[in-house]
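This report describes selected features of one structure, taking its strands, helices and loop residues in turn.

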Amino acid sequence: MITQDLDEKYMALALELAEKGRGRVEPNPMVGAVLVKNGRIIGKGYHRVFGGPHAEIHAITEGGDNCQGATLYVSMEPCAHYGKTAPCVDAIIRAGIVKVVTTVIDPNPVTSGKGIQKLKEAGIEVRLGIMESQAKRLNAPFFKLMQKGLPYVMMKWAMSLDGKIATHTGDSRWITSEESRAYVHKIRGQVDGIVVGINTVLRDDPLLTCRSEGGRNPKRIIIDSNASLPLNSRLLRTINESEIIVAVNKNAQHERVEKLEHLGCKIIQTRDTNGCVDLKDLFPRLGEMNLTNILVEGGSRVITSMFEGHLVDKIIVFIAPVIIGGEGAKSPLLGKGIDKISEAIKFDEISVKRFFNDVVIEGILAS
């Protein structure tokens, strides 16, 4: 029991360290590592940037000669393959580490199970399964991409107390506070891509960039069935700041598609579904591009299509203390809806935050 408690103590620290890599290591997983010897931490590390040294290497470097006889706590199975860096298992073996405690087998098929096998063959004791559920939750986007070939999708919208995302004239700036918008920019800086529909672009002419200090700009993905993205839009004027992907259906006007390509947009042509982009065709293609996590910002048609296509993993809903009213004012979801409350889409792992007077509810799709 004491050993279990200690293992969880050090693994919790490794997971905390791993979180520091969010938004910087994708499409790799976030990983943290802690080296312990004689009850004392001698090295710590986390995967800081895609293409850079992994968590284990940082911890081993900090531990130095003290690594001989130490125990390594790492929040995912150490890699056993050559990628951007050399295999971590080789460094672990060379360092003289005698025990490795980890959470879960890496779902990446090039490593899956091979790292643990190689450590055991070298005579290193391996303990697997410590805080497994927490580790999987931390890297849910990576697991989904590896196992299903799909990005992890976060659906975000802001609405009034009476459930409206815009007035009957279409005005939606700004329902929420400046503090809430700053939080959205923080999220944007941690995702690989941001998705909006063409109606949002035509109405708001957004940039869809991250304005948080130190954040990265996500790829900007526009669902635009007929390739009608205005050539003088702010998106196209800032194409050098981050890539623009325009999803069109296969019947989009060829000349318009060519113009967008000429301006530097990446075009994804999908099946035509009632004149619209087929989202179930689009998202596997985004997965093939190694987009790990995507923030979808609506509007109503896109939100509705995402839920109808069963493509949503997480919701981030901002509720502002205002009343909009109006039968013609937009709600987040359209369509027919359900017949019975028992059929409602349910969410778990709910968290509630507050930014100024706004409330933000986040939740994971219930399994």
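In this predicted model, Asp 348 stands opposite Ile 364 in β16. The pairing to which these residues belong is that of strand β15 (residues 347-355) with strand β16 (residues 358-365); the two run antiparallel and are joined by seven bridges. Together β15 and β16 form a hairpin with two residues between them. In the turn, Phe 356 has a positive phi of about 55 degrees.

**The five-stranded sheet**

An open sheet with mixed pairing is built from five strands in the order β2-β1-β3-β4-β5. At its edges are β2 and β5 (125-128), each of which pairs on one side only. Direction ignored, neighbouring strands of this sheet are turned by 15 degrees against each other on average. Thr 71 stands opposite Lys 99 in β4. In general, strands of a sheet pair through backbone hydrogen bonds, either parallel or antiparallel.

**Helices across the strands**

Two helices that lie across strands of this sheet are α2 and α4. Helix α2 lies across β1 (32-37), β2 and β3, and runs at about 140 degrees to β2. Helix α4 (residues 114-121) lies across β4 and β5, and its direction is at about 150 degrees to β5.

Helix α4 also meets helix α3 (residues 88-95): their axes come within 10 Å and cross at roughly 20 degrees. Angles under 35 degrees count as roughly parallel, and α3 and α4 are therefore roughly parallel to each other. The crossing in which α3 passes α4 is right-handed. On the α3 side, Val 89, Asp 90, Ile 92 and Ile 93 take part, and they meet Gly 115, Lys 118 and Leu 119 in α4.

| Residue | Relative accessible area | State |
|---|---|---|
| Asp 192 | 8% | buried |
| His 54 | 19% | buried |
| Thr 292 | 2% | buried |

His 54 is found in the loop between β2 (40-46) and α2 (55-63). Buried means under 20% relative accessible area, so His 54, at 19%, counts as buried. Leaving aside neighbours within four places in sequence, His 54 is in contact with Asn 28, His 47, Cys 79, Thr 85 and Cys 88.

Asp 192 lies in the loop between α7 (178-188) and β7 (193-197). Its side chain makes a polar contact of 2.7 Å with the side chain of Arg 216. With neighbours within four places in sequence left aside, the contacts of Asp 192 include Glu 26, Pro 218, Lys 219 and Asn 290. Thr 292 is also among the contacts of Asp 192.

How far apart are Thr 292 and Asp 192 in sequence and in space? They are 100 residues apart in sequence and 6.4 Å apart in space, C-alpha to C-alpha. Thr 292 lies in the loop between α11 (279-288) and β13 (293-296). Its contacts, leaving aside neighbours within four places in sequence, include Pro 27, Pro 141, Phe 142, Leu 145, Pro 151 and Tyr 152. Glu 26 is in contact with Thr 292 and also with Asp 192.

Key: Residues numbered from 1 in each chain as written. Predicted model: local features only at pLDDT ≥ 70, side-chain atom pairs only at ≥ 80, totals over all residues. Heavy atoms only, no water. Helix = DSSP H or I, 4+ residues; strand = E, 2+ residues; numbered from the N terminus. Buried < 20%, exposed > 50% of the residue type's maximum accessible area, 1.4 Å probe, protein only. Polar contact = N/O pair within 3.5 Å; in protein donor to acceptor, adjacent residues only side chain to side chain. Contact = heavy atoms within 4.5 Å. Pairing = 2+ DSSP bridges. Axes fitted to C-alpha atoms, helices over the stretch in contact; angles between N-to-C directions. Parallel < 35°, antiparallel > 145°, perpendicular 65-115°, else oblique. Left-handed = near helix turned anticlockwise from the far one by under 90°.
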